[in-house]
Amino acid sequence: MVLQALIEELGAEESNLIKTIEAALSSEELESLRVKAIGKKGSLTKVLRGMGKLSPDDRPKLGAAANQARDRVNNALEHAKKRLENAALEAELKIQLDLSEPSAGLSLGSSHPIMQVQEEILSVMDRLGFQRAEGPEIEHDFYNFEALNFPHNHPARDMQDTFFVDENVVLRTHTSPIQIRQMLAQGEPPMHISGYGRVYRHDQDATHSPMFHQIEGLWVDHGVHLGHLKGTITAFLETLFTPETGVRFRPSYFPFTEPSAEVDMSCVMCGGSGVAHDPAANNEHGKCKMCKGTGWIEILGAGMVDPNVFGAVNFPKDIRGFAFGIGVERVAMLKYGISDIRMFYENDHRFLSQF
Amino acid sequence: MLISRKLLNQWIDVSKHSIETISDKLSLAGLEVEGTETFALDARVVLARVLHVEKHPDAKKLSVLQVSTGENTEQIVCGAANVFEGALVALAQPGAVLPGEMTIAHAEIRGVKSAGMLASEKELGLSENHEGIMIVAEEHSGRLGQSIATLLSLNDTILEIGVTPDRSDALSHFGIARELSALLEQDMLQDGYEVEELAWVDAPPSLKIHASDLCQGYRLVSFPNYCSSKLADKASCDSRLLGRVGFRSKASAVDATNLCLVNIGQPTHAFDAAKLRKRAGSEGVSIEVRCAQEGEKIKTLDEVEVVLSSEDLVIADRKGPIAIAGVMGGLETAVDENTTEVWFEVAHFAADSVRASSRRHGIHSESSYRYERGVDPLLHERAIRELAKACNASQAHILGEQGLIEEAVSLNFMHSELEALVGGTSLDSIRVVKRLQNLGIKTRCEKGEYHIDPPTHRPDLTRSVDVMAEWVRTEGFDSIVGVKPRPAKPPRLGSRRTTRKHLAKVTQARGFREHVNLAFMSHAEAELVASSDEYVCIANPLGVETALMRSSLQLGLLKNAAAQMAHSGHTLRCYEMGTIFTSKHSENSPNPRQAGSALGADSYAKEHEIFSALEISPSGKDKLETIRGALAKVKLVVEEVFDFETSLLFEQNQDFGRLWHPSQSASLVCEGHKLGVFGVIHPRVLAFYGLEKYSAVAFDIDVEKLAELRSQIRRTYKAFSKFPGVTRDISVGVPESTRVSALREILREAGQGSALESIDVFDIYRGDTIEAGQKAVAMRLTFQSHAGTLKDEDVDPIVASALALLESKLGATQR
């Protein structure tokens, strides 16, 4: 009979515990209930202390009943834990935060727009197979003029207003001296050079700066002809701008190339139609302001390398090559719709942060 | 250069071509038409005759006129003083729009109706003359009511052409007509004007050329019965034409020389014969073409006294120079309104000599512009005809002669060469020959080889490639098929480039924006950097602000910051990558012809590529605290730049130059190499830019040296310990003067041979709970072993000995 009484006591304690567990409101409470129930001094364990009064036959029966009771209490604890976790998660998920509040911390800096455009142009030239090259900014007349077929006392020199350091030393007026240095250094064809850097002209207004950036390509190899010049420049402009870019070559004159051409591309504003979609981009006659209604804008100078240039660097007589040069500021101004070149050198962060 | 369609029509009939066609043809052949301007006088401005003049009843200065347009008679109110009965005038009828958008309407002036306006030349855009209404010559009297524009053939279109320096042949209407003749495949017109040459009877001047290498011909031309004042009617027409192509009208003899210049490109000069005779006195006029004597003087037409050099070629009489050959005439012998007899100079001077004189004296004239580009030496006959035409003369006295004209060298090239240049397209040699001949280039083709005789008007054609380029120019690039060249080796990525990328990445991540400044500085700015005179000076600077090449990038950044602070006032972080310049002493200036190659080794100045970064912020209440904070933040960036290098040292108390704070700056030293400077900008420098209230922390790094160092890095994987590390935090009090690097060194020393892995300073405290002049430095020591988990007894003795060492060596007290 003792067994029966103990089992009943166990049952009462169990149902009591389960009731309390189901009512528990926090995980701390649950933990203390767990200890109270099944710890060393727990209430279920306490019932087992009556084991001694039982006959050896009944002992396993009480043990089994106690185990079952403990399992049920454990289940109840597990269940209650899940219930509390779910409730906590639900509560957390109900907390609304205002994500329109401002961000914090340092914002990223930036490359200068001129440098971004320079890198963009150079990376297009990388892909076309040109090798980047640089050179001194203060140059001897020989590299800047003479070797490039600008004879002394020649009116062609008036094309480039020059800063002088002394009679024979100038601030380079273009990146072409890089060609000369590279050809002299390598001593023989082939050459695939993209020369780039700062250049200087004695000139200052809204579209001219005394210092600006230039990039030029030089491609020298046996069998090079005008078709290569045209193909390369067309691919270059189509990659730099859009595949739809129209390209036009107009004969011109540069001392270091013969024949020479100015290269026009279809206007970035009106797409070559002469009339821009945006009426604000048109002038009082309804024509595109950027290209003055012609549909074309001048973008670079190009030509076949003049034999006198090859003569100056002792290249073989039958060698041919082509060269072209582009102004980085000009491209940046077209790309971003900037009309005053001086903006670039004021470095106002209200300007720089836009690029 | 400005080209008048009307003048052009004298040489080639382009009337059936639109101005757009002409512009396109020229532009696509390398003569870029940069703009066009059309002069078209409203057809409602008509010829009228003044029939009757009477005073305005209500205004003293006005008259009321009855004016006939042939069919109708109109009443006009007019204020001009020069109106008279019978005058032929230009009547602007209601509705007419005059230049300057002035619209004529029916009006009532002080109660009298006026059906239009009598116009002045200025109102019609014909000249600057506004001294009364325009009076039309009586010869037009039969054409009342006709449009003035048609009557006086006033309408014209002006083309502005950008002529490249090689195309001296295109610097005239004749030259452009010749070009169009080839491009439009249309013959030029013959003018048929003849001039009879007479002997020079009346006391001819003597004439001698002393420098025949610089003057290949000199003629004096005089037209009998020439009297400038008789030509007034034609003169106003000529001056109108000249005005439109950019020449201010002067004495009519000068207009004649200018007409000759714009028509055929031959510069000429007009001397006042009477003035020459007066200078010569009884001896008779003697003209010489010679080199000037050193120091000889001449006052030129623009009233500037020029001191001549022995390299200047001059025209001189017995008393001295009367013109600088090909550049400008002298004032004393120039024609003026009283001139009655003119001697025209028609000559040919060497391009180099004219250019040298023009540059030496800073005189740039239409004449020198053409001579230095190359004037066709065979133009003299034509020039005399042009002058005669302009002076209405049919006879001329001519003295002197044309010198020897150097014969152009014949050129030849193979047909296959031309085909190879254009990319292997097959060409018809007959077409090539025809095209070149149309351009005035004598050409024949025999057995696949072209034989070329370049004409005297094309001094730019000296090599076969120049002639081949003529084919390309006139054929156009559209005929060429674009192809890609065969591929080259893939480009390599230099260490300089990866270093620049690294610098940009590290600084941009910390909010620095890149700046690009002009690479100049002023003398005052130079003084801020150093006191030496090793700057690169520009001989012809644009201004004082840009007189020198910069020797520091910080100057530009500070200048930008000053402008920025004016409107922002927040912390500004910026950087720039670029060249700084110092001069090299001239004795080791190498000769470029022998330089052979070395890239940049034979440069003429020292050029260094520098990376400079600057953080500037308002100093706040505690300036020192602001600077400490800024130093800590910017130092992090410096350390990230040198992420590969653990031995970066900040060496203080050195000579950094004037730009840096002497006690708050350090050299960046890596493996014994000085790579840059990090620290605080000198307060004096900040004051120069008006930045007294700001604190600036900055660093400069030599990009080339950094690139070299980085190129030697071989990154290799180092195994890290699998066992947890043990950390001990210690805090010691030391005097303010004790450097944190000294604490570190002692800890390193104490930890030598132990498992001490790292020392991190995580706090430096100065304040109330510590003695003044002291700081508390808190450090975390991390111990780590690859062999196993460390126990307290492995670590504690090392910490204890470290603390003891800190105390004995630096007097540090444990806190």
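1. Five salt bridges are counted between chain A and chain B, a salt bridge being a side-chain nitrogen of Lys or Arg within 4 Å of a carboxyl oxygen of Asp or Glu. In one salt bridge, the side chain of R463(B) meets that of D306(A) at 2.5 Å, N to O.

2. This is a predicted model, in which local features need pLDDT of at least 70, side-chain atom pairs count only at pLDDT 80 or more, and totals for chains, interfaces and linings use all residues. Residues are numbered from 1 along each chain as its sequence is written, chains are lettered from A in the order written, and side-chain values use heavy atoms, without hydrogens and water.

3. Chain A brings 89 residues to the contact and chain B 86 residues (heavy atoms within 4.5 Å). The buried area between chain A and chain B is about 7300 Å², with 59% from carbon and sulfur atoms; this is the accessible area (1.4 Å probe) lost on putting the two parts together, summed over both. I138(A), P251(A) and H349(A) give 9% of what chain A buries against chain B, more than any other three residues.

4. The second largest pocket holds about 2100 Å³. A pocket is an open set of points on a 1 Å grid over the protein atoms alone, where a 1.4 Å probe fits, with protein on both sides within 12 Å along at least five of seven lines; lining residues have an atom within 4 Å of a point. Its volume is the space filled by probe spheres set on the points.

5. The second largest pocket lies between domain 5 (495–586 + 604–711) and domain 6 (726–814) of chain B, because both give residues to its lining.

Notes. Domains from an automatic or database assignment.
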